[in-house]
Amino acid sequence: MPAPIGRRDKDGKTAMQVMLLIHADESAWPRMPEAERNAAMAAYGAYTEALRAAGALVNANRLMPAGTAHTVRLVNGAPQVLDGPYAETREQLGGYYLIEVPDMATALRWAARCPGAGHGVVEARPVMA
Amino acid sequence: MTAASLAAERAARDSYGRLLAWLAARGRDIAQAEDALADAFAAALATWPRDGVPDKPEAWLLTAARRRLLDGHRRRATASAAEPTLRHAALLAEEPEPDAIPDHRLALLLACAAPEVERAAQAPLMLQVVLGLDAARIASAFLVSPAAMGQRLVRAKRRIAASGARFALPGREGVAARLPAVLDAIYAAYAAGAQDPADGGALAGEALWLARIAAALAPEEAEALGLAALLLHLEARRPAARDTAGHYVPLSDQPPEAWDGAMQAEAEALLRRAFALGAPGRFQWEAAVQSVHAARRVTGRTDWAAILLLYDALLAATASPVVALNRAVALAEAGGVAAGLAALRSLGADGRLAGYQPFWAAMASLAARAGETAEAEAARLRAAGLATDPAVRDFLLRLSPS
């Protein structure tokens with residue numbers, strides 16, 4: 001792993017941004033009983049608030065299901081648009097948190113707290129500064 | 001599993017650290033000793049099923065590993081004719097007494113917690129070197145990648161080798177001076193293991209094993225006994241923190257029958273021996289707090305006034321914000337919710353506990369009992385957001401019945 005590129009925040013402490021990418025089986029969501037869905041929403045809500053209170057939250061979003069995705073590439077110089085996500089895997093990118101933390105160890109602690117680590121996989125990727 | 005591989009497994013569990021300590025003391029390099037021992041275990045797995053398990057499996061393994069190390073030394077010696085290498089070869093050539101392989105594991109533990117080993121590597125190093133756990137298994141509990149943990153361990157062993165550590169036991173005073181770092185690292189290993197539910201929290205059990213080794217090899221050191229007592233108490237209750245459906249059960253709701261009485265009795269015996277040595281300290285007080293909780297099995301109640309006194313002593317000795325948090329909770333029980341809540345609020349101003357999940361869980365509980373509904377709700381959500389364990393998170397979000 002290349003060393004994450006640290007930079008200094010306004011207080012002179014090192015800070016880095018890390019993307020927490022939540023990959024999960026999105027077909028599980030509509031099959032969940034409503035109580036379980038509400039529970040998951042509550043867990044994400046609490047997690048988001050904890051990040052905000054810690055001053056670590058930069059941005060977060062939940063994405064529409066992968067079926068709404070389109071891919072675009074140039075084929076012989078002409079744009080080609082296809083329906084669906086880039087990779088047809090069972091686990092799809094379903095949302096992300098962009099966080100600002102002093103180091104990767106702190107980022108991994110937040111990744112472990114993310115409810116997504118329980119029902120899917122959380123990928124932590126440092127942002128290139 | 002065949003009888004032979006079972007015997008190899010058992011030998012591994014019981015003797016790994018003892019054999020490694022012996023080899024490291026003679027060969028002066030942990031990494032080389034580990035390689036030699038791994039080869040010896042591989043040879044055992046290959047030959048024991050065919051030839052039968054030897055009478056003295058430990059001595060067999062030691063002889064095989066010793067030969068490996070000697071071969072390596074001879075090769076290096078002919079290349080460099082280096083004086084220290086020759087001296088190590090002479091030490092290794094001494095035939096060990098098969099019935100009395102001396103137990104050097106305390107020296108090995110002291111080497112793992114030596115000042116030249118970076119702090120974050122000390123606990124993982126003990127788990128690997130003394131118990132033979134692999135880096136990947138250790139890594140997840142400490143929330144780092146297996147590759148990063150592997151590098152950290154390799155670096156630590158190189159530092160120890162470069163420092164010229166002799167893995168010889170220092171005198172009583174030397175042990176006393178360096179033991180606190182060992183005990184801190186074992187405690188850190190337990191804490192990491194207890195919050196890592198993989199294999200049913202097996203890593204916590206391994207850390208307890210380390211504490212037992214330290215207590216057995218330094219029986220005159222009260223804090224070593226205190227740490228073993230503390231971890232036995234915590235381990236005795238760990239399974240009771242889950243009900244049959246997997247929901248989280250806080251200590252106050254745990255039925256004492258769910259606790260492991262044998263472990264608690266062992267803890268009590270250790271703690272009595274520790275107190276008799278007349279050298280009180282942090283781990284003995286912490287163990288004494290757990291011993292008051294354990295007494296609920298007999299008395300049906302918790303003596304919070306006694307716990308408060310113990311936390312007073314701990315706070316005076318350590319000034320730790322986590323101890324101050326626990327003291328505030330005890331104060332709420334012994335001296336009223338208002339006093340406990342006030343203590344918690346002033347602690348909150350200090351900032352060091354802002355990211356500490358148990359602080360917000362305690363705040364949620366005390367504020368709710370004091371009728372401070374809004375404050376309680378905010379703290380409850382904050383605690384849930386900081387939880388790693390889904391069962392604890394569900395409990396805080398009131399998603400599981402309690």
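Student: Leaving aside neighbours within four places in sequence, which residues is A:T71 in contact with?

Tutor: This is a predicted model, in which local features need pLDDT of at least 70 and side-chain atom pairs pLDDT 80 or more, whereas totals for chains, interfaces and linings use all residues. Residues are numbered from 1 along each chain as its sequence is written, chains are lettered from A in the order in which they are written, and side-chain values use heavy atoms, without hydrogens and water. A:T71 is found in strand β4 (residues 70-75) of chain A, strands being DSSP runs (E, at least two residues) numbered from the N terminus. Taking contact as heavy atoms within 4.5 Å, its partners beyond four places in sequence are A:Q80, A:V81, A:L82, A:G84, A:P85 and A:Y86.

Student: Does A:T71 count as buried or exposed?

Tutor: The class follows from relative accessible area (1.4 Å probe, protein chains only), with buried under 20%, exposed over 50% and partly exposed in between. Because the relative accessibility of A:T71 is 14%, this residue counts as buried.

Student: How many residue pairs are in polar contact between chain B and chain A?

Tutor: In contact across the interface are 13 residues of chain B and 14 residues of chain A. A polar contact is a pair of N or O atoms within 3.5 Å; within protein, one must be able to donate a hydrogen and the other to accept it, and residues adjacent in sequence count only if both atoms are side-chain atoms. Between chain B and chain A, the number of such residue pairs, both at pLDDT 80 or more, is two.

Terms used
Helices (H or I, at least four residues) and strands (E, at least two) are DSSP runs, numbered from the N terminus.
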